[in-house]
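This report is meant to accompany the sequence and the structure shown below.

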Amino acid sequence: MTEVLDHWIAGRPDAGAAGDAGRTGPVYDPALGQVSKHVRFGSAADVDRAVGVAREAFASWGEASVAKRQQVMFAFRELLNARKGELAAILTSEHGKVLSDAAGEVARGLEVVEFACAMPQLAKGAFSQNVSTDVDVYSVKEPLGVVGIISPFNFPAMVPMWFFPIAIATGNTVVLKPSEKDPSVANWMAALLQEAGLPDGVFNVVHGDKEAVDALLVHPDVASISFVGSTPIARYVYETATAKGKRVQALGGAKNHMLVLPDADLDLVADSAVNAGFGSAGERCMAVSVVVAVEPIADELIDKIKDRMGKLVIGDGRRSCDMGPLITREHRDKVAGYLDVAEADGASLVVDGRGVEVDGAADGFWLGPTLIDKVATTSAVYTDEIFGPVLSVVRVASYAEGVELINAGPYGNGTAIFTNDGGAARRFQREAEVGMIGINVPIPVPVAYHSFGGWKASLFGNAKAYGPHGVEFFTREKAVTSRWLDPSHGGLNLGFPQHT
Ligand code: NAD
């Protein structure tokens, strides 16, 4: 019998309403290709209980002083910083990404915790004195209530941390539905929040699949939904939850291009393409999946990328490898299937990741880094978000053709230009219809005090994650117009109020 991971409700592990008779799903160690534990799949009754607990907790947490909330955030920051290695190790054992990459993920989440420590300053209201004679106007930011967070498998620690530190620091209470593929870090973070002094019930975790998600989306006591995942589900989440009157931010999938101009430093470009294409086995929403090479540099660039790919060590993330396995066997097979599509569509497989030599168990979910040249823009290899270690090269004749290609895609998450021409970079920043732009930077994930989010099919709603957008999303503003009456004022006047 393997371990079964419980939900986390009201400050303790919770087996859910059905207990051992309820549904569960397997959790794999992807480097071994074996089931390491099972996770409970919450029902609508479990979501209802967690929301009820969070609603009860909101009665006091929503009223807690700003100082109290800030103390908890600072304590959480200290604990997380001291024990981040532990979190990274759990993450690697369920996601597969190499330990150094897992540590990087935790560090980027920690950034948002640090941002949230400044909430007293960030969520301050405004005051205007004497807007009319003896009348003051001020605005305050109040929490929403119970907020729902639904996260994807590829950043099981960082993506929840894009949201919950800001939600909690602004006085909301949380129900998180993590990915069922790598769920353990959510419970670990819940226990750490408790250790940091967070009252029970403020942060709850309900594990599961569509059933738990659907229950959150329509629950009348859930005020908002923060979702990150693939585009079809992001659209569904956005449409379902907004129809129920909720505030929704829903970040979707991506297909990120890197435009390389002929004057670029091709060694820097090759390093960047390999790092951003194959880091985390390409399972990043900000991965570079298409190199758009402005001729005549494509052949030289491909040689440099290929050289570097030959040096990558693929294997178990707990050893000193560069790239780990994919998340599941099914996903690995799906990604590998695109290599057949590439061949059928007439593209040229420069490096074929099938049959890769691996420093790890034979049953791990492996696929080696793959480089495909001359990819037709009509091929599914180009149009689909593959979400694996597959880098495509598309050759274009000019900067203008490259930008046109980028803007024709349905997604608009991230993109990058590599050039030494400041004018071209500036023009690209203006002309690319994409939410996050890198200039000689391949994965332009903004720091915690600038918000993260794409355009078009990469983001539904108008709120990006964290930064100023995060503070706005998790608060609602109240404007107060106040007058302390002098008894000489008064009398009837049905006209619209004007300032005197
Ligand atoms: P996913 O859409 O399959 O799952 C995301 C969440 O939705 C999970 O919690 C899952 O349990 C739930 N879910 C899945 N199917 C559902 C359904 N039919 N109904 C209701 N809920 C459902 O995504 P994933 O495979 O876990 O993550 C990878 C995807 O996430 C990629 O498309 C990637 O680009 C995207 N992503 C985007 C960003 C971003 O910031 N834009 C960041 C990370 C990941």
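In this predicted model, the buried residues of helix H6 are Ser184, Val185, Ala186, Asn187, Met189, Ala190 and Leu193. These buried residues pack against elements from several parts of the chain: strand S1 (4-5), strand S2 (7-9), helix H2 (66-95), helix H5 (158-169), strand S9 (173-177) and strand S10 (203-205). H6 itself covers residues 184-195, which is 12 residues. From its first C-alpha to its last, H6 reaches 17 Å, close to the 16 Å expected at 1.5 Å a residue. Just after the helix, Gly197 takes a positive phi of about 105 degrees.

**The protein as a whole**

The C-alpha atoms fill a box of roughly 85 × 60 × 40 Å along the principal axes. For 500 residues, a compact globule would have a radius of gyration near 23 Å, and the value of 25 Å found for the protein agrees with this. Buried residues make up 52% of the 500 residues. Among the contacts with a separation of 6 or more, 72% are between residues 24 or more positions apart.

The protein is divided into domain 1 (3-252 + 458-480) and domain 2 (256-439). Their centres, taken over C-alpha atoms, are separated by 31 Å. The contact between them takes 18 residues from domain 1 and 25 residues from domain 2. On the side of domain 1 that touches domain 2, the elements giving two or more residues are H2 and helix H3 (99-117). That side has eight nonpolar, seven polar and three charged residues.

Which residues come nearest to the ligand? Of the 27 residues around the ligand, they are Pro152, Gly229, Ser230, Gly253 and Cys285. By class, this shell has 12 nonpolar, 10 polar and five charged residues. The shell draws at least three residues from each of domain 1 and domain 2.

**Backbone details and partly exposed residues**

Most residues other than glycine have a negative phi, and most peptide bonds are trans. Lys374 has a positive phi although it is not a glycine, and Lys456 likewise has a positive phi in a residue other than glycine. Lys374 is found in the loop between strand S16 (370-373) and helix H12 (380-383), whereas Lys456 lies in strand S21 (residues 455-456). The phi values are set out below.

| Residue | Phi |
|---|---|
| Lys374 | about 55 degrees |
| Lys456 | near 55 degrees |

Lys374 is partly exposed because 16 other C-beta atoms lie within 10 Å. Lys456 is also partly exposed, with 18 other C-beta atoms within 10 Å.

A cis peptide bond joins Glu295 and Pro296, with omega at about 25 degrees. Pro296 is placed in the loop between strand S14 (288-294) and helix H10. H10 covers residues 298-310 and contains Asp303.

How values were computed. Residues are numbered from 1 along each chain as its sequence is written. This is a predicted model: local features need pLDDT of at least 70, side-chain atom pairs count only at pLDDT 80 or more; totals for chains, interfaces and linings use all residues. A residue is near a molecule or strand if its C-beta atom, placed from the backbone, lies within 6 Å of it. Ala, Val, Leu, Ile, Met, Phe, Trp, Tyr, Cys and Pro count as nonpolar, Asp, Glu, Lys and Arg as charged, and the others, Gly among them, as polar. Domain bounds come from an automatic or database domain assignment. Helices (H or I, at least four residues) and strands (E, at least two) are DSSP runs, numbered from the N terminus. The expected span of a helix is 1.5 Å times one less than its number of residues. A residue is buried if 20 or more other C-beta atoms lie within 10 Å of its own, exposed if 12 or fewer, and partly exposed in between; C-beta atoms are placed from the backbone. Two residues are in contact if their C-beta atoms, placed from the backbone, lie within 7 Å. The radius of gyration is taken over C-alpha atoms; the globule rule is 2.2 Å times the number of residues to the power 0.38.
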